[in-house]
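Take a moment with the model below.

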Amino acid sequence: MMGSGSLADGNTILGMRTMPQQRRGNSRFVAKARWGTAFLILLCTMLQLAISPDMTNAFCAGTAGLIGTWAFTYCADPRRIERFTISTLVVLGFQVHSSLAALIVQTSAWKPITFNLDAPVATFSVLALLQIWAVALHWFYAQSRVMQVATTAICQRIFAPLGLYRSPTNRQLWWMGLLGSFASWYTNADRWGEDNFGDIAFKLLAGLSQFSVAPLLIPIASYLIDPPDQKRSVNWLALTAYCALTLYIALARNSRGVFAVNVLTVLICLAITVMIGRFILTRRRVIWLAVAVLLSPVPAGILSDLATAMVIARDDRSDISSQDLVFSTIGTYFDEQALQSRRETDRILAEGSYNEIYVDNPLLARFGATKYIDHNIALGLSLSQAGELLARENALNQLLLLLPTPALNFFAPELDKSGNAFSSGDYYNFLVTGDELGGYRTGSSIADGFVVLGAFYVVVFAIFALANFILGDALTIRTRDGHVLLSALACICITRFFMNGLMDESIAVQAGNLVRALPQTVLLYALMFRLTRGVKLR
């Protein structure tokens, strides 16, 4: 096990220490993968014309494909990823999460990209505008000296004193993961419907759940977090058992995302190590990678069926214990008739009233936001003038609700957090259809932004984007020769930046991520790092 070491000393943060030139053995492979993926995107675009040649589908597929190809080639430049790692992933994640995943997945399922969408032309037009704007903002950020000075200032004056650039030992990563797993289970299992508003201890404990991925970073830590001269031992048996524990907690929470997000975090980090040349793809590793890709449909199918079983078991989660929920999900997984019946039900629902059906695979559906963006844009277009005023009032209330309960009681005593326990998707649906609040339908900050702010949302989008670029890249260290080392916290939060860096459930949630969630995560990590330095696993 590696001893507690420094990810970078003060000189490295200032860019004063150079590191040995890294090998570029992956450059040819990365170039082929980059342009091969671009060709795949264009191929999917052309296949969409064969799937459904109508003008609406052709426009949506063409927009998603052409802009997707351009944005992907921009973000997949190894030099750009090495210099602006997290901010580049923010832009790439926005592209993938909003439309590119939909294009590839729907084409592979031989479905039009407009399948079960309410306002496809408006949706893909808005996404095209924001995707071009996101790339332009990133180019400006990368060229701006002011932006780089701001990033460096945060590194030196805030993150470095907190110890964020010190490499956690394997033991510390294990403790973070175990604490995160316990928090993930405790704050969700057997607590459905309980009122935890204002419970600071409960909220802090809930904030620990994101650290459950920490032990899974051990195999790639020496390639991405540690300087090149440091090595770590890997206990693969213990990691396998921990993966089983994570899957159990996901079943107990009835949450597809718990396990899927951890897997995506590891995959993104591994992809970065390959792109920047820290993990050299030897012939043997390429063979293993090819075997993994060829065999991937097997675990993908298993996880897809398991995700479907979780959806079926979700109807009973408020009536049974978390342990019984696990057994119910496993029993449903082995019931092929129940799985097939659910898929048939989804097919029928897709032809009827409101539903969130878009991608067949329920696990992949977790990483595509196209349907949710589209539905909320359609609701926004259906609002009356009075509905728009109510939406603006609700947005202001949601921003005030970000305040701690004592401060909220002082500035806005008429607002009650428990009385505003609903999503923006809930509220827009309520304004249009009159349905009850509290169902937590998935909302969209894009639709919310344009309804509440109109054209000015483009400016607010830029503010959120630049803030995430600065804070994300501040979690990494760039040496004088341009190489990058990621802090452990950057790896832990990488999926959050990838999926929610430029969009979320509402503009209030986006603001909350910047002013509350991220600072809380930084402080929790710094606290756990210090508390676990002297603790040994028995």
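Helix α6 covers residues 120-143, and helix α22 covers residues 457-474. Their axes come within 10 Å and cross at roughly 45°. This is a predicted model.

Now look at the residues where they meet. From α6 come Leu-130, Trp-133, Ala-134, Leu-137, His-138, Phe-140 and Tyr-141. From α22 come Tyr-457, Val-458, Phe-461, Ala-462, Ala-465, Leu-466, Phe-469, Ile-470 and Asp-473. Sorted by class, the contact of α6 with α22 has 14 nonpolar residues, 1 polar and 1 charged.

Next, the nonpolar core. In soluble globular proteins, nonpolar side chains tend to be buried together. The largest nonpolar core here has 124 residues. Which of them have the most contacts inside it? They are Ile-113, Phe-211, Leu-486 and Tyr-525. Helix α22 gives the largest share of this core, with 11 residues. Another core lies apart from it and has 5 residues, among them Leu-251, Leu-306, Met-310 and Val-326.

Take Ile-113 from the largest core. Set aside its neighbours within four places in sequence. Ile-113 is then in contact with residues including Gln-48, Asn-57, Cys-60, Ala-61 and Ala-64. Its contacts also include Phe-124 and Tyr-358.

Back to helix α22, where we find Leu-471. Is Leu-471 buried or exposed? Its relative accessible area is 18%. Buried means under 20%, so Leu-471 is buried. Not counting residues up to four places away in sequence, Leu-471 touches Ile-154, Phe-159, Leu-514 and Leu-518. Leu-518 is 47 residues from Leu-471 along the chain, yet their C-alpha atoms are separated by 9.1 Å.

Gln-510 sits in helix α25, which covers residues 507-531. The relative accessibility of Gln-510 is 5%, so this residue counts as buried too. What does Gln-510 touch, leaving aside neighbours within four places in sequence? The contacts are Ser-445, Tyr-457, Phe-464, Leu-502, Met-503 and Asp-504. One of these, Tyr-457, also takes part in the meeting of α22 with α6.

Conventions: Residues numbered from 1 in each chain as written. Predicted model: local features only at pLDDT ≥ 70, side-chain atom pairs only at ≥ 80, totals over all residues. Heavy atoms only, no water. Helix = DSSP H or I, 4+ residues; strand = E, 2+ residues; numbered from the N terminus. Buried < 20%, exposed > 50% of the residue type's maximum accessible area, 1.4 Å probe, protein only. Contact = heavy atoms within 4.5 Å. Axes fitted to C-alpha atoms, helices over the stretch in contact; angles between N-to-C directions. Nonpolar A, V, L, I, M, F, W, Y, C, P; charged D, E, K, R; others polar. Core = buried A, V, L, I, M, F, W, Y, C linked by side-chain atoms within 4.5 Å.
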